[in-house]
Amino acid sequence: MEKKISSFYDVNATRVIATTIGVFFGLFSGMNHGFFEVLQGNTPTNGFVIHAIGEAQMFWPLGTEDAFALIPNFMITGIVSMIVGMAIVIWSIWFLPGKYGRTVFLSLFILSFLVGGGIGQVAFFIPAWAFATRMDKPLTWWKKVLPESIWPFLSNLWIVTLVLATIAILIGLEMAIFGFFPGLTDPEAIQNTALIFVLASAILYVISFIAGFGHELRRMERRIPSS
């Protein structure tokens with residue numbers, strides 16, 4: 001039991017949170033949007049702002065999944081979006097801590113945005129990149145802001161908020177695509193509820209990162225040998 005607890009405290013929380021966001025949005029934004037764009041076939045997009053889900057594929061009246069695409073063809077931009085989405089997943093899992101890990105992470109997400117990978121992901125990948133730049137850094141400023149007395153609490157909080165954030169964004173994504181939520185039938189009410197879940201998820205991810213810094217500070221403290 002003590003070994004398991006020790007292993008948890010040795011986890012790099014910042015990396016886990018950033019990787020989770022990268023994998024999630026690589027799959028459910030880049031690849032998801034790309035899949036529905038490919039389903040619309042070899043047709044022109046007729047503009048930069050597009051509906052990733054076409055009329056023939058829509059599950060409910062407001063389930064369009066808007067995106068921005070520089071490539072003027074649904075099939076091509078969809079294929080590129082899926083490739084970039086998979087690249088984000090791979091990079092987030094294996095290469096994020098590297099010298100250029102965070103720079104490439106941000107660059108891939110910007111590319112995903114430009115090739116139809118979705119607009120909403122911007123609210124998630126920019127904070128994720130910003131927090132991830134503090135990975136394996138001394139966190140001097142955060143050490144002044146976060147009192148040492150709350151580090152143990154934060155060390156246990158980050159994983160809880162990470163799970164809750166991911167559940168919330170999954171619910172929001174399901175509602176955005178399929179338009180289903182128990183007890184709701186009005187499209188506008190469903191859309192507004194989905195936005196609430198997405199907003200809650202974005203806030204929870206930020207809280208998770210901040211709590212993760214408390215975890216990291218505690219982890220650094222544990223590594224300093226006592227005199």
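Modeller: What follows is a chat about this predicted model, going from the overall picture to single residues.

Biologist: What makes Q121 count as buried or exposed?

Modeller: The relative accessible area of Q121 is 1%. Buried means under 20%, so Q121 is buried. Q121 sits in the loop between α4 (101-114) and α5 (122-132). Setting aside neighbours within four places in sequence, Q121 is in contact with F25, S29, F109, S112 and F113.

Biologist: And Q40, how do you know which label to give that residue?

Modeller: Q40 has 19% relative accessibility. The cut-off for buried is under 20%, so Q40 counts as buried. Q40 lies in the loop between α2 and β1. Leaving out neighbours within four places in sequence, the contacts of Q40 are H51, A52, I53, G54, Q57 and F74.

Biologist: Why is L62 called partly exposed?

Modeller: L62 has a relative accessible area of 32%. Buried would need under 20% and exposed would need over 50%, so L62 falls in between and is partly exposed. You can find L62 in the loop between β1 and β2. Not counting residues up to four places away in sequence, L62 touches P187, E188 and Q191. The C-alpha atoms of L62 and M175 are separated by 9.9 Å, and these two residues are 113 residues apart along the chain.

Biologist: Let's turn to the core. Which residues have the most contacts inside the largest nonpolar core?

Modeller: They are I21, F25, F124, L146, Y205 and F209, in a core of 39 residues. At least two core residues come from each of α2 (13-39), α3 (74-94), α4, α5, α7 (151-178) and α8 (187-223). The largest share, eight residues, is supplied by α7. As a background idea, nonpolar side chains tend to be buried together in soluble globular proteins. For a closer look, take F209: apart from neighbours within four places in sequence, F209 is in contact with T14, I17, A18, I21, A128 and F131.

Biologist: Now α2. How does the reach of α2 compare with what is expected?

Modeller: α2 has 27 residues and reaches 38 Å from its first C-alpha to its last.

Biologist: What makes the pairing of R219 and E216 a salt bridge?

Modeller: The side chains of R219 and E216 meet at 2.5 Å, N to O. A salt bridge needs a distance within 4 Å, so this pair qualifies. A search of the whole structure finds one salt bridge. R219 and E216 are three residues apart in helix α8, so about one helical turn separates them. In an α-helix there are 3.6 residues a turn, so residues three or four places apart point the same way. R219 is buried, and so is E216.

Biologist: One last topic: positive phi. Which label, buried or exposed, goes to E65 and to L139?

Modeller: E65 is not a glycine, yet its phi is positive, about 50°. E65 is in the loop between β1 (49-51) and β2 (66-68). Its relative accessibility is 13%, under the 20% cut-off, so E65 counts as buried. L139 is not a glycine either, and has a positive phi of about 60°. L139 is in the loop between α5 and α6 (140-145). With a relative accessible area of 4%, also under 20%, L139 is buried.

How values were computed. Residues numbered from 1 in each chain as written. Predicted model: local features only at pLDDT ≥ 70, side-chain atom pairs only at ≥ 80, totals over all residues. Heavy atoms only, no water. Helix = DSSP H or I, 4+ residues; strand = E, 2+ residues; numbered from the N terminus. Buried < 20%, exposed > 50% of the residue type's maximum accessible area, 1.4 Å probe, protein only. Contact = heavy atoms within 4.5 Å. Core = buried A, V, L, I, M, F, W, Y, C linked by side-chain atoms within 4.5 Å. Expected span 1.5 Å × (residues − 1).
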